[in-house]
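Please read the points alongside the sequence and the model.

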Amino acid sequence: MRADAMMNDLLSLSTNAFIAGIEATARRFDTATYPQQNLPADDWTLLTRAGVLLPTLPKEYGGRDDHVEMCRAVEAVSEWNLPVGMYVTVITAVALRPIVLWAREEAKQEVLPLYAGGDPAICGFASTEPGCGSAMSGMRTTFEEVEGGYRIRGRKHWQAFSISAHWWLVSAKNDKDGREYGYFIVKRSEGFRTLQPYEPLGLKAIDYGLNEIDAVVPRHRRIPADGRNLRPMVEMLMASRAMMAAMGCGFLRRISREAHAYADRRKLGPGPLSDIRFVRYRLAAIDASYTVCAALNHYLQNDLDMKESMIGAFPAVQAIKTVATERMLSSAHHYQQLAGGEGYRCGSPTNISGQAFLDARVYTIFDGTNDLLSQQLAEHCLSRTAGRPLSRFLAGWPLTAAAVAAQRLDLSFLDRKLRQEHLVLAGRAIGYAFAIGQVMRWAAETGADPRRARTAIEFLKADIARVATEFGLLSTGVLGLEDGVAATAGAPPSRSIPTAPEAWPGLPRRS
Ligand SMILES: Cc1cc2nc3c(=O)[nH]c(=O)nc-3n(C[C@H](O)[C@H](O)[C@H](O)COP(=O)(O)OP(=O)(O)OC[C@H]3O[C@@H](n4cnc5c(N)ncnc54)[C@H](O)[C@@H]3O)c2cc1C
């Protein structure tokens, strides 16, 4: 059957039939057997022809235009191969989504049809530079108006698909009349070259590197966005941060299954590993993390919408990203520990834990490092307390109120002067409280086993208690952090938090 006829057939499928097709294809990428290598174009074609890009694309461009299907496709792929789940996420939620939502019609007509036909087209998002990742206001890549469009010059690094992407979404600045930021759709052949490939520890399906840009792009390829601050970039990153719930849910379903199977199979003395009580504790921790990610994924599918601006969901998304990725990493760690020496072997025939750990490791680092995002979450809440203690605010805040009340959470340890180190920890506690609320809701709305929910909630409460203990540790004074450190009151908040999302015009409504 011709590719376009095949793609057309996918458009009439029900959601379940469509996702079942993606799931069937994803099994071919099973991380237990699939080589640890950059994804060959022919293999990417298998996935594009199964339709992984279609939920992101508008109907008039041959897509299925469906938020829930975007999430379910990534979840299905991540269960079989997390790096390939990330592969799909970068192309759909990070690179194509802003083009679909905000690019000018002429730019959409140029780019989107290339992604609708089942061809192995790839696009990436280039913001991080060697000199700046967390504080993007330090970017050095510039744009200037020239005849026929904009000239963009600079260096970016760590981009997914550094070597293989055909199209890029690039952020740049112009300091001519005060600072202005701009976002541009750049064709690789216009002047995007990779100076040095990077070898990542995990996520081997994706190629990375140090890139140099010297390109002139036509005027219509500038995304119309407020250039006065970095809020449009924050918005553009929100979909991939939220997608961590989908990736985490798929990945942890697999890790839970594999860890249980390993612990039941492996004999230690007369009985299996799973007879050891502490092994069962580790398995319970993995299962609880899977439940947490399932609940966050439920929130992602039902309360968020990647088809619109997500800036109003800023605090929820920060919580999802930090909690889901922490759960992915801690579960991979538990699983690897259970696998003993076999867990430290590349290509072990008995388990996938070594690779799972290497793949999950970067999740707490990239897409906004978790420490920074936690700080921003705490700052977001502090800016809304209207003089109330933070714990009182959280008791009434829609994202945490139900959890605080139902679980009688005592967050009063947060009611003090919060220095930067406290802000990071406070943001974590707020994320856990948010997650408790979502587990409660997920259990009520899906009819899940209440014991599963109860275990996950108890683990999250233990995490909050750990933060309270860390506050105590900090106040002992033994860490030497007290002297000469500016208190929050005198320190500016992270520059990229949208302090008034309701009023924020950053990006226009979907054009
Ligand atoms: C595998 C991988 C894929 C990536 N993909 C892309 C991509 O496709 N496109 C792209 O543009 N970029 C990408 N990146 C870049 C990534 O987003 C950045 O690495 C990340 O944002 C962190 O920036 P940085 O590396 O400059 O770390 P830095 O900004 O130097 O931060 C280093 C560390 O400092 C600490 N830190 C920073 N701020 C705080 C704070 N406020 N409180 C406490 N601690 C703090 C944290 O521990 C942090 O991890 C990728 C990176 C990796 C490793």
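1. A cavity is taken here as a set of points, on a 1 Å grid over the protein atoms alone, where a 1.4 Å probe fits but cannot get out, whereas a pocket is an open set with protein on both sides within 12 Å along at least five of seven lines; lining residues have an atom within 4 Å of a point. A volume is the space filled by probe spheres set on the points, with grid points joined across faces, edges and corners.

2. The model is predicted: local features need pLDDT of at least 70 and side-chain atom pairs pLDDT 80 or more, while totals for chains, interfaces and linings use all residues. Residues are numbered from 1 along each chain as its sequence is written, and side-chain values use heavy atoms, without hydrogens and water.

3. Across the whole structure, 2 cavities of 30 Å³ or more are found. The largest cavity holds about 90 Å³ and has 13 lining residues, with Thr31, Leu82, Phe251, Ile352 and Ala356 nearest its centre. Helix 4 (67-80), helix 8 and helix 11 each give two or more residues to this lining; helices are DSSP runs (H or I, at least four residues) and strands likewise (E, at least two), numbered from the N terminus. Because domain 1 (3-120) and domain 3 (233-475) both contribute to the lining, the largest cavity lies between them; these bounds come from an automatic or database domain assignment.

4. The second largest cavity has a volume of about 50 Å³. Its lining includes Thr31, Tyr34, Lys204 and Asp359, and divides into 4 nonpolar, 4 polar and 2 charged residues. Nonpolar covers Ala, Val, Leu, Ile, Met, Phe, Trp, Tyr, Cys and Pro, charged covers Asp, Glu, Lys and Arg, and the others, Gly among them, are polar.

5. How many disulfides does a search of the whole structure find? The count is 0, a disulfide being a pair of cysteine sulfur atoms within 2.5 Å. The sulfur of Cys293 lies 6.9 Å from its closest cysteine sulfur, in Cys249, which is too far for a bond. Cys293 is buried (under 20% relative accessible area; exposed is over 50%, partly exposed in between; 1.4 Å probe, protein chains only), at 0%.
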